[in-house]
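Trainee: I have a model open and would like to learn how to read it. Can we go through it feature by feature?

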Amino acid sequence: MPRFAANLSMMYPDLPFLDRFEAAAKDGFKAVEYLFPYAFPAQELVARLKANGLQQVLFNTPPGGTDSASFTQAWESGSRGTASVPGREAEFRVGIEQALVYADALNCPRIHAMVGLRASGAEAEAADATLISNLQWAAVEAAKAGRDVLIEPINTRSVPGFHLNRQDHAHRIVRAVGADNVKVQMDLFHCQIVEGDLSAKIAQYLPTGRVGHFQIAEVPHRHEPGTGEVNWTHIFQTIDKVSAECGWDGWIGCEYNPADASAGGTSRGLGWARGYL
Ligand SMILES: O=C(O)[C@@H](O)C(=O)CO
Ligand SMILES: [Mg+2]
């Protein structure tokens with residue numbers, strides 16, 4: 001059966017961030033993910049996980065910057081990662097180091113290194129070369145700590161200018177990096193917008209052993225499954241069937257904005273997940 005993690009950056013928007021752990025646990029989640037932990041002391045987050053019987057299964061490396069104040073600033077000023085951006089290798093390395101410190105404290109097996117935007121006119125080949133060499137360095141550092149590093153194709157409707165948009169591109173990069181602990185974060189929201197053909201893509205990529213994590217949200221609006229164009233029953237059955245065949249036992253992050261953002265709206269919107277949580 002698919003295992004779902006609550007994405008605390010998007011779900012429970014009516015609650016302060018630290019209170020979202022308890023809300024997710026009360027709704028039956030056993031795991032959480034979110035964008036960034038850096039605004040909080042790691043021990044505060046560990047306490048919330050422990051108190052609510054939750055595992056941390058994913059978070060992102062900083063989007064740019066060189067210390068916790070500039071991480072937030074980088075996100076607010078539109079930086080969406082540095083992994084593929086020539087000239088920002090030092091920021092990338094600081095980000096990986098910082099993420100590994102938190103991953104250790106939170107006992108989180110994987111981190112997502114956001115690939116970044118490509119400036120108009122910048123060479124795609126140069127971005128790919130930077131991405132591969134940054135990931136080769138990150139793979140060694142993460143392996144010492146027993147962590148995986150993920151890259152995620154993101155659609156350009158949501159993030160104009162994002163360098164990595166397609167699964168085949170991401171898998172080409174991962175193969176070129178050539179490290180067992182560098183994998184793809186397969187977000188089916190982005191995949192449906194850019195490529196479609198979700199079941200075939202799951203069946204193609206999951207058995208490669210190079211999919212480290214799934215995320216889901218409905219399309220066209222990034223809301224709960226069941227509010228738009230995707231047949232989620234079929235998708236979850238496909239993930240289940242292919243996982244059973246290839247031995248994949250990862251998590252599916254619920255990375256959606258609840259359609260009802262008012263108090264209690266996230267929990268009321270979990271009808272789609274009742275049989276799974
Ligand atoms: O899909 C997304 O947007 C996220 O998984 C992310 O990491 C950053 O935008
Ligand atoms: Mg995502």
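Mentor: Start with the ligand. This is a predicted model. Ligand 1 is surrounded by L35, N60, H112, M114, E152, I154, D187, Q215 and E255.

Trainee: How many nonpolar, polar and charged residues are in the shell around ligand 1?

Mentor: The shell around ligand 1 holds three nonpolar residues, three polar ones and three charged ones.

Trainee: Now the strands. What is the general idea of strand pairing?

Mentor: Strands of a sheet pair through backbone hydrogen bonds, and the pairing is either parallel or antiparallel. Now the case here.

Trainee: Over how many bridges do strand β1 and strand β2 pair?

Mentor: Two bridges, in the parallel sense. Strand β1 covers residues 4–7, and strand β2 covers residues 31–33. Look at N7: it stands opposite E33 in β2.

Trainee: Next, helix against helix. What describes two packed helices?

Mentor: Two numbers: the angle between their axes and the distance between the axes. Take helix α5 (residues 124–144) and helix α6 (residues 167–177). Their axes come within 9 Å and cross at roughly 50°. That makes α5 oblique to α6. The crossing of α5 past α6 is right-handed.

Trainee: Which residues make the contact of α5 and α6?

Mentor: From α5, they are D128, L131, I132, L135, Q136 and A139. From α6, they are I173, A176 and V177. By class, this contact of α5 with α6 has seven nonpolar residues, one polar and one charged.

Trainee: At what angle do the axes of helix α4 and α5 cross?

Mentor: Roughly 25°, and the axes come within 11 Å. Helix α4 is residues 89–106. The angle is under 35 degrees, so α4 is roughly parallel to α5. The crossing of α4 and α5 is right-handed. α4 brings E89, F92, R93, I96 and L100 to the contact. α5 brings N134, W137, A138, E141 and A142. The contact of α4 with α5 divides into six nonpolar residues, one polar and three charged.

Trainee: How is α8 placed against α9: roughly parallel or roughly antiparallel?

Mentor: Read the numbers. The axes of helix α8 (residues 198–205) and α9 come within 10 Å and cross at roughly 15°. That makes α8 roughly parallel to α9. α8 passes α9 in a right-handed crossing. L198, S199, I202 and A203 of α8 meet H234, I235, T238, I239 and V242 of α9. This contact of α8 with α9 has six nonpolar, three polar and no charged residues.

Trainee: Last, the backbone. Which peptide bond is cis?

Mentor: The bond from V219 to P220 is cis, with omega near 10°. P220 lies in the loop between β7 (211–216) and α9 (232–246).

Trainee: What is phi of Y12?

Mentor: Phi of Y12 is near 55°. That is a positive value in a residue other than glycine. Y12 sits in the loop between β1 and α1 (20–26).

Notes: Residues numbered from 1 in each chain as written. Chains lettered and ligands numbered in written order. Predicted model: local features only at pLDDT ≥ 70, side-chain atom pairs only at ≥ 80, totals over all residues. Near = placed C-beta within 6 Å. Nonpolar A, V, L, I, M, F, W, Y, C, P; charged D, E, K, R; others polar. Axes fitted to C-alpha atoms, helices over the stretch in contact; angles between N-to-C directions. Helix = DSSP H or I, 4+ residues; strand = E, 2+ residues; numbered from the N terminus. Parallel < 35°, antiparallel > 145°, perpendicular 65-115°, else oblique. Left-handed = near helix turned anticlockwise from the far one by under 90°. Contact = placed C-beta atoms within 7 Å. Pairing = 2+ DSSP bridges.
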